[in-house]
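Hi,

Here is the structure we talked about passing on.

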Amino acid sequence: MIRVTFGDMGGALWLDMYGHANSAEYGKDLICAAATALAYTAAQLAMDLDADYGLEGYPTVQLIQGKATVRIQPVNLEVARAQWGVIRRGMEMLAGNYPKNIKIYYIGNGESREDKTEDSRAEPADMEPRA
């Protein structure tokens, strides 16, 4: 299973992802490929936010097999949250479609919870998950 944590606390935004979806053999797992594409997009977004708006310090970007970490402390938090939300929503949609393969956790910004959404295709991300 892939475990993804989105953080938003103290002016910092981050994504930590580790594991494997185990939906197919290594190199042919499309769920892993999709999650990895989103992690790489988050890494590029960190670089773009630094170039366009500036960051407090350097971004942390680590992309290795089975693990991805992207952490930023943006100067313009509002813009960064809006852009970061696209990555988050993409991962939520993926997890909603493949709940046995991806689990999402949230830390900060008034929340610390595990995503319990059964099917994110059926409800917007800002609605309470179904019981």
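The lining of the largest pocket splits by class into 12 nonpolar, 6 polar and 3 charged residues. Keep in mind that the model is predicted. The pocket holds about 370 Å³ of space. Its lining counts 21 residues. Nearest the centre of the largest pocket are Cys32, Thr36, Ile64, Gln65 and Gly66. Which of them gives the most to the lining? That is α1, with 6 residues.

Next, the helix pair. Helix α1 covers residues 30-52 and helix α2 covers residues 77-97. Their axes come within 10 Å and cross at roughly 175°. Angles over 145 degrees count as roughly antiparallel, and α1 and α2 are therefore roughly antiparallel to each other. On the α1 side, the contact is made by Ile31, Ala34, Ala35, Leu38, Thr41, Ala42, Leu45 and Leu49. On the α2 side are Val79, Ala80, Gln83, Trp84, Ile87, Gly90, Met91 and Leu94. By class, the residues of this contact are 13 nonpolar and 3 polar, with no charged ones.

Last, the charges. Side chains of opposite charge can pair when their charged atoms come close. The search of the whole structure gives 4 salt bridges. One of the residues with such a partner is Asp8, which forms a salt bridge with Arg81. Their closest N and O atoms are 2.7 Å apart. Asp8 sits in strand β1 (residues 2-9) and Arg81 in helix α2. This pair links distant parts of the chain, 73 residues apart.

Best wishes

Notes:
Residues are numbered from 1 along each chain as its sequence is written. This is a predicted model: local features need pLDDT of at least 70, side-chain atom pairs count only at pLDDT 80 or more; totals for chains, interfaces and linings use all residues. Side-chain values use heavy atoms; hydrogens and water are left out. Axes are lines fitted to C-alpha atoms, for helices over the stretch in contact, and angles run from 0 to 180 degrees between N-to-C directions. Helices (H or I, at least four residues) and strands (E, at least two) are DSSP runs, numbered from the N terminus. Angles under 35 degrees count as roughly parallel, over 145 as roughly antiparallel, 65 to 115 as roughly perpendicular and the rest as oblique. Contact means heavy atoms within 4.5 Å. Ala, Val, Leu, Ile, Met, Phe, Trp, Tyr, Cys and Pro count as nonpolar, Asp, Glu, Lys and Arg as charged, and the others, Gly among them, as polar. On a 1 Å grid over the protein atoms alone, a cavity is a set of points where a 1.4 Å probe fits but cannot get out, and a pocket is an open set with protein on both sides within 12 Å along at least five of seven lines; lining residues have an atom within 4 Å of a point. Grid points are joined across faces, edges and corners, and a volume is the space filled by probe spheres set on the points. A salt bridge is a side-chain nitrogen of Lys or Arg within 4 Å of a carboxyl oxygen of Asp or Glu.
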